[in-house]
Amino acid sequence: MTNETLIALLKHSGAIVSSAVEGAFRAVNRARFVPEELKSVVYADTALPIGEGQTISQPTVVALCLEWLHVQPGDRVLDVGSGSGWTTALLARMVGPKGSVIGTERIPELVSFGSKNLSTYAFANANIEQAGDELGKPEAGPFDRILVSAAADEIPEVLTKQLVDGGRMVISVRNALCVVDRIGKHFKTVCHEGFMFVPLIT
């Protein structure tokens with residue numbers, strides 16, 4: 001398997017639809033975001049361990065999240081649970097030089113791992129930070145888009161408050177991927193069942 005064959009697989013399955021997501025997958029190679037001993041299986045369509053009990057998500061799931069997030073050039077994006085740094089880098093490619101991405105991660109070893117991986121790309125608009133006491137990054141918000149790559153028991157109000165009016169969040173809630181749109185003071189949620197993520201650390 002190569003990155004090209006992975007992309008072809010994801011397009012054939014319908015996980016990748018837009019040129020924006022395809023371009024991000026083409027520009028940001030998953031091989032730079034996994035431990036050395038897993039390089040032989042890096043393009044397999046499966047989650048892989050990255051240490052500390054955490055994983056780099058299955059490519060199909062990442063592609064679907066990015067398609068549903070509907071990131072636009074210039075967006076300000078929050079990536080909660082950045083882990084390996086792969087999604088942070090993909091998002092940085094999608095928002096372009098006029099946008100920005102903040103990745104937050106609870107586990108210090110993964111902050112270092114993800115930051116090192118991200119630094120192999122020249123994304124001046126993206127960084128990974130140690131998560132604070134509160135979920136997300138309220139002092140840096142609001143954000144146009146929020147991606148949460150870990151499973152919550154319910155949609156955290158503290159994160160919905162960090163969305164701009166018209167903003168969107170994609171988050172795993174138990175075994176579903178939920179798309180949350182902010183419309184003024186109201187929130188519209190559509191959930192897709194059948195997904196597994198590591199638990200969100202709060």
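A disulfide is a pair of cysteine sulfur atoms within 2.5 Å. The structure examined here is a predicted model.

**The disulfide**

How many disulfides does a search of the whole structure find? The search finds one. C178 and C191 form this disulfide, with their sulfur atoms 2.1 Å apart. The pair links distant parts of the chain. C178 lies in strand β8 (residues 176-183). C191 lies in strand β9 (residues 186-193).

Is the disulfide left-handed or right-handed? The torsion about the S-S bond of C178 and C191 is about 105°, so the disulfide is right-handed.

C178 counts as buried because its relative accessibility is 2%. C191 has a relative accessible area of 39%, so C191 is partly exposed.

**C65**

The cut-off for a disulfide is 2.5 Å. C65 has 5% relative accessibility and therefore counts as buried.

| Residue | Relative accessibility | Class |
|---|---|---|
| C178 | 2% | buried |
| C65 | 5% | buried |
| M94 | 10% | buried |
| C191 | 39% | partly exposed |

**Helices α3 and α4**

Helix α3 spans residues 59-69, and helix α4 spans residues 86-95. Their axes come within 12 Å. They cross at roughly 35°. The crossing of α3 and α4 is right-handed.

Which residues make the contact? From α3 come P59, V62, L66 and L69. From α4 come W86, T87, L90, L91 and M94. The residues of this contact divide into eight nonpolar, one polar and no charged.

**M94**

M94 sits in helix α4. Is M94 buried or exposed? M94 counts as buried, because its relative accessibility is 10% and buried means under 20%.

What does M94 touch, leaving aside residues up to four places away in sequence? Its contacts are A20, V21, A24, L66, V71, Q72 and P73. One of them, L66, also belongs to the α3 side of the helix contact. M94 and V71 are 23 residues apart in sequence. In space they are 6.7 Å apart, C-alpha to C-alpha.

Definitions and conventions:
Residues are numbered from 1 along each chain as its sequence is written. This is a predicted model: local features need pLDDT of at least 70, side-chain atom pairs count only at pLDDT 80 or more; totals for chains, interfaces and linings use all residues. Side-chain values use heavy atoms; hydrogens and water are left out. Axes are lines fitted to C-alpha atoms, for helices over the stretch in contact, and angles run from 0 to 180 degrees between N-to-C directions. Helices (H or I, at least four residues) and strands (E, at least two) are DSSP runs, numbered from the N terminus. A crossing is left-handed if the near helix is turned anticlockwise from the far one by less than a right angle, and right-handed if clockwise. Contact means heavy atoms within 4.5 Å. Ala, Val, Leu, Ile, Met, Phe, Trp, Tyr, Cys and Pro count as nonpolar, Asp, Glu, Lys and Arg as charged, and the others, Gly among them, as polar. Buried means under 20% relative accessible area, exposed over 50%, partly exposed in between (1.4 Å probe, protein chains only).
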